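Work through the exercises below with the coordinates open. Each task is followed by a solution in steps.

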Amino acid sequence: MPVNIVSYIKKDYIRSMAEKGIRLDGRGMDEMRELTVEKDYLGSAEGSARIKLGKTDVVVGVKIDPGTPFSDRPNLGVLISTAELTAISSPLHESGPPRPPAIELARVTDRSIRESQTIDLAPLCIEEGEKVWMIFIDIHPLDYHGNLFDACQYGAMAALSTAKVPWSKLDEKRKDEPLGTHTAPVSLTAVKIGSKVMIDPSLDEDEVADARITVSTDENGDIRAMQKGLNGSFTIDEVKYVVKLSEELGSKVRPKLMD
Amino acid sequence: MSDPYTDIQLIDKKGKRLDGRKVDELRPITIEAGVLDRADGSCFLEWGDNKVIVGVYGPREVHPRHMQNPLRGIVRARYNMTPFSVSERKRPGPDRRSTEISKLISEALENVVLTDRFPRTTVDVFIEVLEASAGTRCAGLTAASVALADAGIPMKDLVPSVASGKIGDKVVLDLGKEEDNFGEADVPFAMVPRTGEVVLLQMDGHLTQEEFSEILEMNRKASMEIYEIQKAALVKRYSSFTEEGETSEESEEPPKKAKEAKEAKEVKEVKEVKEVKEVKETLETKEVKEALETKEAKAPEEPAPHKDQKADIQAHEVDAGEVKKPDGKPAPEEIKSGDTGTEEGGGK
């Protein structure tokens with residue numbers, strides 16, 4: 001397995017600059033990279049989007065197919081999301097079964113979409129216990145330039161906002177209906193390098209980060225999902241600061257994804 | 001599920017096909033090289049409703065080690081259909097079909113890549129099918145060879161590829177989705193244009209020998225057409241590099257984006273300059289002060305030239321007339337153009 005090697009010089013440089021409040025790409029500590037969203041990107045998917053966060057590039061497809069419900073939830077639709085560290089997106093990613101970092105990414109993204117009840121699953125029941133709509137959100141990074149956590153979440157939300165339930169597949173008289181979203185949680189990821197917290201880490205910052213935190217907040221500023229990663233730590237105040245930023249920036253990002 | 005297509009006539013009496021094409025007409029193809037940043041080479045290809053993106057990495061170390069060849073490099077292509085690329089979701093990961101296609105594409109590419117130039121290494125080619133609508137292996141191979149060229153891998157030629165077949169007793173070029181599913185025969189094909197070598201050939205269905213040779217000829221002709229599109233994509237990507245360093249990076253992008261990117265870059269540059277200034281100032285205020293204090297109490301004009309280059313240069317641009325500085329220092333104009341040249345041009 002290829003190992004990521006970051007030179008001490010680069011590490012020290014990023015760290016010492018961070019201490020002075022300077023990021024290598026000239027951004028402020030609480031400044032996001034440019035986000036571009038291209039919706040309805042693919043014809044073959046029921047919903048899709050390609051988003052770019054700086055140079056990080058992710059394509060997301062939503063497929064909605066009929067399937068059997070879980071036996072303990074016979075009258076609810078099924079929502080499954082997958083995210084991979086695709087081999088095309090970085091020289092350090094390999095194809096094959098996902099390793100822990102890929103699984104963490106997939107689960108964190110999933111949490112901020114599924115566990116936050118973004119989608120109302122009740123109307124997705126076709127025949128109780130027999131047939132429901134299964135929604136698959138497949139997240140496919142193409143170019144990894146840091147902060148896949150947010151890029152994947154944004155891509156998934158943008159793709160969901162375009163998704164249509166293909167009722168016409170089952171019943172020719174019935175029209176396809178927009179899937180619709182209950183709430184629109186938007187995530188924000190920050191990393192800590194030395195004593196400084198900065199949001200939307202670039203590739204360099206991702207590589208030298210001590211700790212990472214992802215916070216998803218909804219329209220009301222309520223927290224819908226959270227994950228702290230890596231072996232560094234945050235103080236309580238830093239966590240609160242990131243939550244505040246997540247609410248603030250979330251309200252700016254949300255219209256780009258959902259409208 | 002009942003098939004809505006089984007009764008459909010794939011081609012009418014006038015030889016017009018479902019999507020309105022003539023029998024020997026390709027679907028529209030657009031190719032763009034150099035679309036990904038981290039990959040060493042990349043290519044995005046749209047072919048009708050197909051969307052394929054390819055990233056190339058290498059030559060790099062082979063993992064697992066036992067695949068290494070001490071005499072030459074290897075080419076490993078991985079053809080992958082994304083789950084959302086087809087109408088019914090495909091389970092992610094390789095299946096028997098994509099494993100076979102990966103193998104065929106690897107072998108076709110290995111034929112054109114000059115692998116003896118980099119023994120013991122691998123060139124990894126990742127082909128991601130984002131949207132599939134018949135002929136994805138040909139689209140993948142066509143895009144892969146452009147991506148390899150974009151990565152600067154030595155090759156004897158590009159590999160245009162196309163699939164033709166037979167529908168309703170007629171031989172047609174570049175099968176579309178319905179034609180692929182319900183036609184009588186399908187012949188994926190790839191040829192090295194410079195040498196005429198056929199490096200990919202499959203066939204399934206039922207063809208007479210005459211029909212088969214007709215298809216081969218059709219494929220060959222179309223390959224030359226595709227070849228031109230491939231070359232044009234590479235020319236578009238690299239022709240701008242002959243200009244001075246700065247503009248080249250920008251002009252690769254589509255015009256709309258290029259403008260944005262340029263603006264963004266300008267902003268970034270201004271920021272960088274500021275940054276550098278700040279750091280310099282913080283460093284220098286200390287150092288310079290110390291230096292000044294220890295040495296004679298010189299006037300501040302002495303450290304000025306290297307203290308704030310930009311300001312200095314600007315000053316000189318204003319009075320561009322007097323290039324020769326009275327104190328006989330090297331002409332600042334020269335320094336400036338040289339400096340900015342390397343600074344901005346070293347993009348890739």
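**Exercise 1. State how the helices α2(B) and α4(B) are oriented to each other, and which residues join them.**

Step 1. α2(B) and α4(B) are roughly parallel to each other, a label for angles under 35 degrees, where over 145 is roughly antiparallel, 65 to 115 roughly perpendicular and the rest oblique.

Step 2. The model is predicted: local features need pLDDT of at least 70, side-chain atom pairs count only at pLDDT 80 or more, and totals for chains, interfaces and linings use all residues. Residues are numbered from 1 along each chain as its sequence is written, while chains are lettered from A and ligands numbered from 1 in the order in which they are written.

Step 3. The axes of α2 (residues 136-150) and α4 (residues 209-239) of chain B come within 10 Å and cross at roughly 30°. Axes are lines fitted to C-alpha atoms, for helices over the stretch in contact, and angles run from 0 to 180 degrees between N-to-C directions. Helices (H or I, at least four residues) and strands (E, at least two) are DSSP runs, numbered from the N terminus.

Step 4. The crossing of these two helices is right-handed, the near helix being turned clockwise from the far one by less than a right angle.

Step 5. On α2(B) the contact involves B:Thr142, B:Ser145, B:Val146, B:Ala149 and B:Asp150; on α4(B), B:Ile226, B:Gln230, B:Ala233, B:Leu234 and B:Arg237. Contact requires C-beta atoms, placed from the backbone, within 7 Å.

Step 6. This contact has 5 nonpolar, 3 polar and 2 charged residues. Nonpolar covers Ala, Val, Leu, Ile, Met, Phe, Trp, Tyr, Cys and Pro, charged covers Asp, Glu, Lys and Arg, and the others, Gly among them, are polar.

**Exercise 2. Which elements of chain B give two or more residues to the side that touches chain A?**

Step 1. In the contact, 29 residues of chain B meet 29 residues of chain A.

Step 2. The elements are β3 (50-61), β5 (121-131) and α6 (255-294) of chain B. α6(B) gives the most, with 5 residues.

Step 3. By class, the side of chain B that touches chain A has 12 nonpolar, 4 polar and 13 charged residues.

**Exercise 3. Find how α3(A) lies against α5(A).**

Step 1. The axes of α3 (residues 148-162) and α5 (residues 236-258) of chain A come within 8 Å and cross at roughly 45°. That makes α3(A) oblique to α5(A).

Step 2. A:Tyr154, A:Met157, A:Ala158 and A:Ser161 of α3(A) make the contact with A:Val253, A:Leu257 and A:Met258 of α5(A). These residues divide into 6 nonpolar, 1 polar and no charged.

How values were computed
Two residues are in contact if their C-beta atoms, placed from the backbone, lie within 7 Å.
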